[in-house]
Amino acid sequence: MSPLLIIEQLLNGLQLGFMLFVMAAGLTLVLGIMNLVNLAHGSLYMIGAFVAASVAGASGSFVLGLLVALPVTALVGMALEMTVLRRLYERDHLDQVLATFGMILFFNELTKIIWGPRALFLDGPRWLAHSIEVLPDLSYPAYRLAIIVIGLVIAAGLYVLISKTRLGMLIRAGASDREMVAALGVNIKSLYTWIFGIGALLAALAGVLAGPIYAVEVGMGEDILIITFVVVIVGGIGSVRGALIGGLLIGLVDTTCRAFLPFIFRTFLPPSSADGISASLASMSIYIFMAIILTWRPKGLFPAHA
Amino acid sequence: MPSRIALAFVSIIAIGLPFAAAAGGEDYLIGIATRLMIFALAGISLNLIVGYGGMVSFGHAAFFGIGAYVVAIMSQHALYGDPLLLWPVEISGSESALVVWPLAMAVAALFALVIGAICLRTGGLSFIMITLAFAQMIYFFFTSLSEYGGEDGLSLFQRSSAGPLDLADDTQFYFLTLALVILVLFLQSRLVVSRFGRVLQGIRDNESRMQALGYPTYRYKLTAFVISGSLAGLAGALIANQTEFVSPSFLDWHRSGEFLVIVILGGLGTLFGPVVGAGAYLLLEEFLSQVTEHWMLILGPILVLIVLFAKQGLWGSLSRRMGSHD
């Protein structure tokens, strides 16, 4: 195990972490502000990736695919919010889970009908297809570095949006006292629709970014959805800062366990059983990590309404 | 009382079904009915914590899958004659239902104890997501168990042996399952009116008040969670026998969602709700899948509509209409 390998894996962890953050930021906004558990967030991620893959496939331009996928998914999300989800804000979490579970079934099947059961390919932009020498003797794919940069930009953008703009002020006010904001003459319904649109847009962004790295296939949103929930729970529900820290932690834990556990176990176990044990431990690592965090802090690292 | 009449009617159907199916040459119906009973059992177990205890577990398939895997793993070791464990005590495989099924319940209960002890430190939304996360963890655990089939799953050589009963015979297996469901329903009907059941429902309605009254609510909730987990383990043991196959897909999170749907569809916190819910859900699935291969496209929106407009569930509204309270 060379230091370069360790740095490379840490970069992989950061890349996964920032992708999880983009996904988790949308989920935690909707959760924290509207108090809505939206399992269909994973479907929006999938829709974003599929729209981008088909547009990019037809036009040959990844960026065009991204630029089409973001508004389309945001509109799908806003339509969902206006037709179904806004009726669920006052319901308990169980109702929300079930209704959005039904939506997952619907969108998975619809995607299968429109795009067929086979996975699509989405190539990253050609001008990011090379590798960059981040350290002497360590070159790293430019596309993955771009994901890290985009994650940083989104983090900064959300910080400015929430703490410096009028919309952010309304968002914060609406989260702490919905009726008061409505009484002051703000159209809270359309505010919520916009917030949901932002969340859907972030999900689509995560989906498109993930496209060139993972497969664009039906059900792709579900594995990431569950990991995203782990991020949100670890970070603290409703906290964008928590989503960032939680995303990075989970990304690092997952990547480093997958990369290094086999080495560690091989030092004292025969290779065959070492690989089996480390593979199963690695896939469970983030859940174990979450359990440890929650035993220490039941409300997560940065509870928004502490 | 009308509900008594309805119950008698259902009993006649339940007892007469295998004979009618055999006479009519539609033997596959027995299999469907058995499956329905098993899902009803899983629903009953989930209803105990969600409906009576107010703990929304989104990871119930884990205990179901653990029960199924215990049966399959013990059966594989019995088949090959190699012991499952040599140390600290030697455990050899078995195919006896009297050994394996209680063991399935015990192992599921043990997992429920550990998982519940951690999850119940949180509440509300976190609880939903943490139970889901633990179920995923166990799902990945079984996926990586390559000596027991890994992702492909594991076939049973034969069903468990149960003394004079021949479980390979679908009719006898059906009646055993039916008897177990009735037994569990009876026990649950006693449980929910017992002191324990009253306290549990009190916690569901207002936990801080129960705490103020001096009840150790955490312990009550954990006990209910463990009972529920072990019953789900029993349901898992039964499904492994029925399908003679287990795989990680038994623990898939879709399965946990399905169990919640069954409970809601039937009516939360009602005794017979999960049975009605399991029946309605499986029949709906059977019916829709015959109409179109894209039946999920219809099922999804139906779930949304049920949540939005039929909150009481089928049994809930049915029993209300008939003026009975259970």
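Modeller: Here is the interface, followed by the parts around it.

This is a predicted model, in which local features need pLDDT of at least 70, side-chain atom pairs count only at pLDDT 80 or more, and totals for chains, interfaces and linings use all residues. Residues are numbered from 1 along each chain as its sequence is written, with chains lettered from A and ligands numbered from 1 in the order in which they are written.

Start with the interface. Chain A puts 34 residues into the contact, and chain B puts in 35 residues (contact means C-beta atoms, placed from the backbone, within 7 Å). On the chain A side, three helices each give at least two residues: α4 (93-115), α9 (220-235) and α11 (271-296). Helices are DSSP runs of H or I with at least four residues, strands are E runs of at least two, and both are numbered from the N terminus. The largest share on this side comes from α4(A), with 15 residues. By class, the chain A side has 24 nonpolar, seven polar and three charged residues. Here Ala, Val, Leu, Ile, Met, Phe, Trp, Tyr, Cys and Pro are nonpolar, Asp, Glu, Lys and Arg are charged, and the others, Gly among them, are polar.

Zoom in on F106(A). This residue sits in α4 of chain A. F106(A) is buried, with 21 other C-beta atoms within 10 Å (buried takes 20 or more such atoms, exposed 12 or fewer, partly exposed lies in between, and C-beta atoms are placed from the backbone). Which residues does F106(A) touch, leaving aside its neighbours within four places in sequence? They are M296(B), L297(B), G300(B) and P301(B). Q15(A) is another matter: it is 91 residues from F106(A) along the chain, and their C-alpha atoms are separated by 31 Å.

Now cross to chain B and L299(B). This leucine lies in helix α12 (residues 296-309) of chain B. L299(B) is buried too, with 20 other C-beta atoms within 10 Å. Beyond its neighbours within four places in sequence, L299(B) is in contact with L105(A), L284(B) and L288(B). Take L288(B): eleven residues separate it from L299(B) in sequence, and the C-alpha to C-alpha distance is 7.8 Å.

Next, the helix packing in chain B. Helix α10 (residues 253-266) and helix α11 (residues 273-291) of chain B have axes that come within 7 Å and cross at roughly 115°. Therefore α10(B) is roughly perpendicular to α11(B). From α10(B), the contact uses V261(B), I262(B), V263(B), L265(B) and G266(B). From α11(B), it uses G273(B), P274(B), V275(B), V276(B), G277(B), A278(B), A280(B) and Y281(B). Ten of the residues in this contact are nonpolar, three are polar and none is charged.

Axes are lines fitted to C-alpha atoms, for helices over the stretch in contact, and angles run from 0 to 180 degrees between N-to-C directions. Under 35 degrees is roughly parallel, over 145 roughly antiparallel, 65 to 115 roughly perpendicular, and the rest oblique.

A second pair in chain B is α3 (residues 61-80) with α5 (residues 124-143). Their axes are 9 Å apart, and the packing angle is about 30°. So α3(B) and α5(B) are roughly parallel to each other. A61(B), A62(B), G65(B), I66(B) and Y69(B) come from α3(B), and F134(B), A135(B), I138(B) and F142(B) come from α5(B). This contact has eight nonpolar, one polar and no charged residues.

Last, strands and loops in chain A. Strand β1 (residues 131-135) and strand β2 (residues 138-141) of chain A run antiparallel, joined by four bridges (strands pair if DSSP finds at least two bridges). In the pairing, I132(A) stands opposite Y140(A), and L135(A) stands opposite L138(A). The hairpin has two residues between the strands. D137(A) is in that loop between β1 and β2, with phi near 70°, a positive value in a residue other than glycine. With 7 C-beta neighbours inside 10 Å, D137(A) is exposed. N35(A) also has a positive phi, near 55°. N35(A) lies in the loop between α1 (3-34) and α2 (41-59) of chain A. N35(A) is partly exposed, with 19 other C-beta atoms within 10 Å. For context, most residues other than glycine have a negative phi.

Methods:
Two residues are in contact if their C-beta atoms, placed from the backbone, lie within 7 Å.
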